[in-house]
Amino acid sequence: MPQNRTIVDDNTWEELIELTHGAAAVCFQCGVCTASCPWGLVKEETLSVRSYMRSAQLGLQKNGNDNLWLCTTCAQCEAYCPRDVNIADVFRGLRYLTWKQNQPHEGLPTLLWSVYWNNNPWEQPPSQRTQWAKNLNLPIFDSQQHDILYYVGCTASYDTRAQKVAHAVVALLNAAGVSFGTLGEDEPCSGEEVLSVGHKHYFREMAEDATKAFQEAGVTQLVTTDPHSYDAFKNHYQGAIKPKHYTQYFAELLEEGKLKFSQSLDRPITFHDPCYLSRHNGEIEAPRKLLNAIPGVDLVEMPNIAEDTLCCGGGGGRMWLETEAGERFSDLRVEEALTTGAQILATSCPYCIACLEDSVKARVIKDLVVMDVAEIAALAI
Ligand code: SF4
Ligand code: SF4
């Protein structure tokens, strides 16, 4: 037996099957997942996705192997898998076992403790959750008065760069005359980052608590800033919440004539599809509809777009882990953006913004700026 492998006992094997819903059972070990995983673009020895699927089938664990935490849950491999294996979910299940054995990646317990104590993964005090909006006078959501709940999310509430996106979303909501509120300091963390690092049981508790909070507030329609929370609400909250990503909501308002762009923006723009909007949820039209509706915008497409998008590298908990220089997917993405001649690299996810901006700065690229679609749209109202 190879040294870094341990055969786990029957109970653990059964738990693994339960945690992964037996997803790996149909895998016939073709290796297409390994070949399509973007780690192969940046690492000499790529992530052996196939062997993790084998581990899940047999109840084996690769102890002491940090590669388990490389997966960004981008689902690129799933798009090519001939057996439709939910590969990201298998990784989450394997990760959960390491939590149970008190052996998660050393960088991640802090994240979980922060969510537990602070209701956010960024180690920020709960009392500061609404500081980003201190001059905006945003009302607390009232189901009798408001059409939608704006779910700001942890990153857009606390991260100074992402706060600008939240400001742009609010400007667009106001420009369209939408009646909306937020949950203020009581806004629950969606738990998407807890799910992505594999702590499925804690995520389930969080989802139940958050669902209760939304139901008590009478929320029926919720609009998110980020695609990760949108995905969690849509696909992992057991259907209790009906979310829209802001790009979807604003594209609808555009069609209804409630949102109009009057200012021209004569700049070539390219769009990076966030994995959690495009590949995970099939939404590729809404952000493009918004960009194309802005007078003067010239939307030029990169290679690897729509469901074939190249992950920025920030999902799957990777925002909380170090990725070595030279191994960042976002560096490749920025290079792809430059080939289009675009001056603006647009996207619609706070994690993508952070990764892509880091790459633009690290490579000292002067003639490309990274902006969220909401920020671009807000310039045009
Ligand atoms: S692509 Fe699908 S079937 Fe092929 S090895 Fe990967 S998980 Fe298994
Ligand atoms: S989900 Fe993405 S990062 Fe994870 S194994 Fe598949 S392709 Fe690789």
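Reader: Which residue in strand 9 stands opposite F271?
Author: In strand 9, A346 stands opposite F271. Strands (E, at least two residues) and helices (H or I, at least four) are DSSP runs, numbered from the N terminus.

Reader: What is the basis of the model and its numbering?
Author: It is a predicted model, in which local features need pLDDT of at least 70 and side-chain atom pairs count only at pLDDT 80 or more, while totals for chains, interfaces and linings use all residues. Residues are numbered from 1 along each chain as its sequence is written, and chains are lettered from A and ligands numbered from 1 in the order in which they are written.

Reader: How many bridges join strand 7 to strand 9?
Author: Three bridges join strand 7 to strand 9 (residues 344-347), and these strands run parallel. Two strands pair if DSSP finds at least two bridges between them.

Reader: And in what sense do strand 7 and strand 8 pair?
Author: Strand 7 (residues 268-271) pairs with strand 8 (residues 298-299) in the parallel sense, over two bridges. The bridge partner of I269 in strand 8 is L299.

Reader: Which hand does the β-α-β unit of strand 7, helix 14 and strand 8 have?
Author: The unit, with helix 14 at residues 285-292, is right-handed: with the strands pointing away from the viewer, the path from the first strand over the helix to the second runs clockwise.

Reader: Turning to ligand 2, which residues come nearest?
Author: C37, C71, C74, Q76 and C77 come nearest, out of 14 residues around ligand 2; a residue counts as near if its C-beta atom, placed from the backbone, lies within 6 Å. Helix 5 (76-80) and helix 6 (87-100) each supply at least two residues of this shell.

Reader: Where is C81, and is it buried or exposed?
Author: C81 lies in the loop between helix 5 and helix 6. C81 is buried because 20 other C-beta atoms lie within 10 Å (buried means 20 or more such atoms, exposed 12 or fewer, and partly exposed in between, with C-beta atoms placed from the backbone).

Reader: What is C81 in contact with, beyond its neighbours within four places in sequence?
Author: C81 is in contact with V32, C33 and I87, contact meaning C-beta atoms, placed from the backbone, within 7 Å. The C-alpha atoms of C81 and C30 are separated by 8.7 Å, although the two residues are 51 apart along the chain.

Reader: Finally, how many helices and strands does the protein chain have?
Author: The protein chain has 17 helices and 10 strands. Its C-alpha trace spans about 65 × 50 × 35 Å along the principal axes, and buried residues make up 48% of its 381 residues.

Methods
Contact = placed C-beta atoms within 7 Å.
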